[in-house]
Amino acid sequence: MATTQLAASSISAKGFASFEGLRSTSNFKAVSFAPLKKNSRSFRGLIVKAATVVSPKYTSIKPLGDRVLVKIKDAEDKSVGGILLPTSAQSKPQGGEVVAVGEGRSVGKTTVEISVKNGTQVLYSKFAGTEVEFNGSKHLILKEDDIIGILETDDIKDLQPLNDRVLIKVAETEEKTAGGLFLSESAKEKPSIGTVIAVGPGPLDAEGNRKSLTVSPGNEVLYSKYAGNDFKGADGSDYITLKAPDVIAILP
């Protein structure tokens, strides 16, 4: 059964006596919903999340604690081959420029400053943060831990991971079965094996000191199947960034 969730602010009160939430004090009764017609679509868990618009009277935004304000990079409006993409086909950016940072966070008796500075180009987790529209541009307020790493070029292989993040080049998928049959694209299983390209400085311990990661660049590793953020490199190779605990094993 499809469930529809509505916000009271999205419905005009015109023609209704009054509202308590979404319930009218008049004798208004929804008896039933007609079944979906054939070929219609249903969406489970669909959430429309609009950016919060900041009034022009505010001239700046100051993040608090370990939060960072990032100006979101514009979406690519062309494909690699130069074809113009409609808005619906443009992928949501996961990168931008840091424009303001908080004062940091307290770990034990130590105050740890934010590890990125204003002007730094960063990548962040796909569903992180709160989107705000400010000075005519879209921004994102997110925690430092949601920043994957620093990327000053357009190629993911140049990423400098932060904290306990790891950048892995994904192994190529098997083209044939054990019996020698060629696999179709839909039948190829996504690998969970790859080569570590770069690692972050490590997480903070209880005293605010960095704890080195157990994996290093060059290691062949096995990682959790549904973890991390996927990226495509300039050379066409697949990369994934994930947290160190999502690396299951080293393959000697």
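1. How many contacts beyond four places in sequence does the model have for residues 84-91? The count is 11, and pLDDT stays under 50 over that stretch. This is a predicted model.

2. Over residues 1-34 the pLDDT is below 50. The model gives this stretch 13 contacts beyond near neighbours in sequence. Where pLDDT is low, the predicted coordinates should not be read in detail.

3. Strand β11 (residues 147-150) pairs with two strands. With β8 (residues 121-124), β11 runs antiparallel, joined by 3 bridges. With β12 (residues 160-161), β11 is again antiparallel, joined by 2 bridges. Gly149 takes part in both pairings. Opposite Gly149 stands Leu123. In β12, the bridge partner of Gly149 is Pro161.

4. The largest nonpolar core holds 15 residues. Among those with the most contacts inside this core are Val68, Val70, Val98 and Val116. Val122, Leu142 and Ile147 belong to that group too. Strands β4 (67-72), β5 (95-101), β8, β10 (137-143) and β11 each supply at least two residues. β4 gives the most, with 3.

5. Leu142 deserves a look in the viewer.

6. A second core is separate and has 12 residues. Val166, Val170, Leu213 and Val247 are among them. In soluble globular proteins, nonpolar side chains tend to be buried together.

Key. Residues numbered from 1 in each chain as written. Predicted model: local features only at pLDDT ≥ 70, side-chain atom pairs only at ≥ 80, totals over all residues. Heavy atoms only, no water. pLDDT = per-residue confidence, 0-100. Contact = heavy atoms within 4.5 Å. Pairing = 2+ DSSP bridges. Helix = DSSP H or I, 4+ residues; strand = E, 2+ residues; numbered from the N terminus. Core = buried A, V, L, I, M, F, W, Y, C linked by side-chain atoms within 4.5 Å. Buried < 20%, exposed > 50% of the residue type's maximum accessible area, 1.4 Å probe, protein only.
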